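Thanks for coming, everyone. Have the sequence and the model open while I talk. I'll keep this quick.

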Amino acid sequence: MISILLYFMFFNCTYNGCTKIYGVNTTTSAIRPLLNDSSYEEKCTMEEITNQQKYENYKQQMGRLSRAMRAEFYYEVIFIAYAVLEDRTESALRHAGVYNPDRHKDLSRKLHRIEELARQKKSLPNKYFSTELLQQIREWKEKRNALIHALMKNTQDQDELKQIAEEGYTLCRTLSSKVTLFKRALEREAEKSNTESKETEE
């Protein structure tokens with residue numbers, strides 16, 4: 001049990017340490033004048049590398065999640081699933097342009113913010129992030145927390161452990177798909193808006 005807890009602590013540190021490294025947005029007009037051309041390009045490159053690293057880390061963790069599930073390493077599945085859900089909810093908020101690292105520090109707050117966005121009828125968040133899905137994630141989080149708190153106190157029911165792992169795995173895949181669709185829909189809207197703006201100018 002102690003080794004499991006140590007793994008959990010180490011995994012959270014390494015995963016979050018990799019996904020929460022955010023570069024300065026040097027593309028803004030407020031920052032660019034403060035930099036010479038060479039340092040500006042250097043910082044832009046650093047930011048691009050950071051974003052690429054985050055994406056590669058996400059893919060790596062999804063691969064680990066699938067392998068752990070196939071191998072029936074249920075504790076590892078649960079730990080990775082929680083980290084992926086945090087990452088994907090943050091990604092959704094970033095794409096929506098509303099992510100605030102001070103306000104959205106944990107999964108509960110991220111879910112709450114997405115829920116607020118999804119209440120707007122006919123909005124893209126409403127289309128891709130259903131109340132049912134967000135509630136399922138919230139309920140799974142509570143099951144996961146109860147499991148972690150009981151690690152040193154009770155003998156774990158293997159059927160329950162397997163069920164929590166399977167639910168977390170399924171939710172990760174579902175949410176990841178929804179976030180990807182949400183991102184693509186936003187990109188289509190932005191492209192459509194740009195096209196209409198150019199036609200208006202002409």
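Predicted model: local features only at pLDDT ≥ 70, side-chain atom pairs only at ≥ 80, totals over all residues.

Everything I quote is computed from it.

Start with the overall picture. The protein chain has seven helices and zero strands. Read from the N terminus, the order is α-α-α-α-α-α-α. There are 202 residues in the chain, and 38% of them are buried. Now the contacts. Take those in the protein chain with a separation of 6 or more: 66% of them join residues 24 or more positions apart. As for the surface, the chain exposes about 12500 Å². Carbon and sulfur atoms supply 50% of that area.

Next, helix 2, briefly. It runs over residues 37-70. I want one residue from it. Ser 66 sits in helix 2. Is Ser 66 buried or exposed? It counts as buried, because its relative accessibility is 15% and the cut-off for buried is under 20%. What does Ser 66 touch, leaving aside residues up to four places away in sequence? Tyr 169 and Arg 173. Find that spot on your screens.

On to helix 3, residues 74-96. How many of its 23 residues are buried? The count is 19, so helix 3 is largely enclosed by the rest of the structure. At 1.5 Å a residue, helix 3 should span 33 Å, and its end C-alpha atoms are 33 Å apart.

Now helix 4, residues 107-118. It has 12 residues. Which residues of helix 4 are buried? Leu 107, Lys 110, Leu 111, Ile 114, Glu 115, Leu 117 and Ala 118. They cover an arc of only 160 degrees around the axis, which puts them on the same side of helix 4. Here is the background on spacing. An α-helix has 3.6 residues a turn, so residues three or four places apart point the same way. What do the buried residues of helix 4 pack against? Helix 3, helix 5 and helix 6.

That brings us to helix 6. It covers residues 131-149, 19 residues in total. From first C-alpha to last it reaches 27 Å, close to the 27 Å expected. Its buried residues are Leu 133, Leu 134, Ile 137, Trp 140, Lys 141, Arg 144, Asn 145, Leu 147 and Ile 148. Viewed down the axis of helix 6, they fall within an arc of 155 degrees, so they line one face of the helix. The face turned away from that buried side carries the exposed residues Thr 131, Glu 132 and His 149.

How do helix 4 and helix 6 sit against each other? Their axes are 10 Å apart, and the packing angle is about 170 degrees. Angles over 145 degrees count as roughly antiparallel, and helix 4 and helix 6 are therefore roughly antiparallel to each other. Look at who meets whom. Helix 4 brings Leu 107, Ser 108, Leu 111, His 112, Ile 114 and Glu 115. Helix 6 brings Thr 131, Leu 134, Ile 137, Arg 138 and Lys 141.

Last, the loops. Some background on backbone angles. Most residues other than glycine have a negative phi. Two residues to look at here, then. Glu 72 is not a glycine, yet its phi is positive, about 65 degrees. It lies in the loop between helix 2 and helix 3. Glu 72 counts as exposed, at 53% relative accessibility. Lys 122 also has a positive phi, near 65 degrees, and is a residue other than glycine. Lys 122 is in the loop between helix 4 and helix 5. Its relative accessible area is 86%, so Lys 122 is exposed.

One more loop residue. Arg 103 is between helix 3 and helix 4. At 61% relative accessibility, Arg 103 is exposed. Arg 113 is 10 residues from Arg 103 along the chain, and their C-alpha atoms are separated by 9.5 Å.

That's my tour. Over to you.

Notes
Residues numbered from 1 in each chain as written. Heavy atoms only, no water. Helix = DSSP H or I, 4+ residues; strand = E, 2+ residues; numbered from the N terminus. Buried < 20%, exposed > 50% of the residue type's maximum accessible area, 1.4 Å probe, protein only. Contact = heavy atoms within 4.5 Å. Areas by Shrake-Rupley, 256 points an atom, 1.4 Å probe, with all protein chains shown as cover. Expected span 1.5 Å × (residues − 1). Arc of directions from axis to C-beta. Axes fitted to C-alpha atoms, helices over the stretch in contact; angles between N-to-C directions. Parallel < 35°, antiparallel > 145°, perpendicular 65-115°, else oblique.
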